[in-house]
Amino acid sequence: MSEAVLKLSGISRSYQSGSDKLEVLKSAGLEICPGEVVALVAPSGTGKSTMLHLAGLLERPDSGDVEIAGQNCTKLSDRKRTLIRRHEVGFVYQFHHLQGEFSALENVVLPQMIAGVKKREAAERASGLLEAVGLKDRIHHRPAKLSGGEQQRVAIVRALANGPKLLLADEPTGNLDPNTSDAVFEVLIKLVRENGMAALIATHNLDLAGKMDRLVSLKDGKVVAA
Ligand SMILES: Nc1ncnc2c1ncn2[C@@H]1O[C@H](COP(=O)(O)OP(=O)(O)OP(=O)(O)O)[C@@H](O)[C@H]1O
């Protein structure tokens, strides 16, 4: 059993476009340990989102293995992969993707209930988490009534609602002004570190990347130190 929360070994992934085959990842490897926050900084089109999708079990590699919390997920059924994704992986995207008809609290309660947590327990955890990110007075607001930074803090809390071991983020503050971006990023990093999670965060923002524990890039389909 691997100690790493995320272990990608020999990952290859290509896309067919017309008669051409685009080899995006070519036997790429990466390990991230508990408590480690890794920045994925690479030029546009080199495969950052592809790598996050593979790590988050949203797609399967053509070859290679994806291990999450010591479990090799490559050959598991779609159902088992969905369960692992639901319990062990949190996602944060550039745009919050909150449910507009629900309050901040309900947005954080929902994924917990889908994972089998009772409503009352889910609501207690949700309000505790929202309070921890400074949204105590906003829990009953719908997303449209929240600022961009507040919406993104709700999205971060939602990603952490089920206590995942792995956080995957794609430009998590890319939609925010620089000051708000810094503040939201601080919240994200603090929660990840406090909970001993591992995180892989794709960003073009080198200031933010510089605050992480390690920087990696993608070159010729492989993960390289940045
Ligand atoms: N479903 C798909 N079908 C065909 N080609 C794809 C598909 N998904 C991604 N690609 C191609 O694979 C390459 C890598 O895409 P990917 O989105 O992983 O890059 P990225 O590094 O995340 O880029 P960006 O920083 O611009 O978001 C790109 O050339 C893209 O056009």
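On one side of α6, the residues Pro178, Asn179, Glu186, Lys190 and Glu194 are exposed, meaning that 12 or fewer other C-beta atoms lie within 10 Å of their own, with C-beta atoms placed from the backbone. This is a predicted model, so local features need pLDDT of at least 70 and side-chain atom pairs count only at pLDDT 80 or more, while totals for chains, interfaces and linings use all residues. Residues are numbered from 1 along each chain as its sequence is written.

Helices here are DSSP runs of H or I with at least four residues, strands are runs of E with at least two, and both are numbered from the N terminus.

Now the other side. Ser181, Val184, Phe185, Val187, Leu188, Leu191 and Val192 are the buried residues of α6, where buried takes 20 or more such C-beta atoms. They cover an arc of only 155 degrees around the axis, taken from the directions from the helix axis to the C-beta atoms, which puts them on the same side of α6. Their cover includes β3 (37-40), α5 (148-160), β7 (166-170), β8 (198-202) and α7 (206-209), with contact meaning C-beta atoms within 7 Å. After α6 comes glycine 196, with a positive phi near 60 degrees.

On to the sheet. Six strands form an open sheet in the order β6-β7-β8-β3-β9-β10, with mixed pairing; a pair needs at least two DSSP bridges. β6 (89-92) and β10 (222-225) stand at the edges with a single partner strand each, so one side of each has no neighbour in the sheet. β3 and β8 run parallel, joined by four bridges. Valine 37 stands opposite alanine 199 in β8.

Methods. Contact = placed C-beta atoms within 7 Å.
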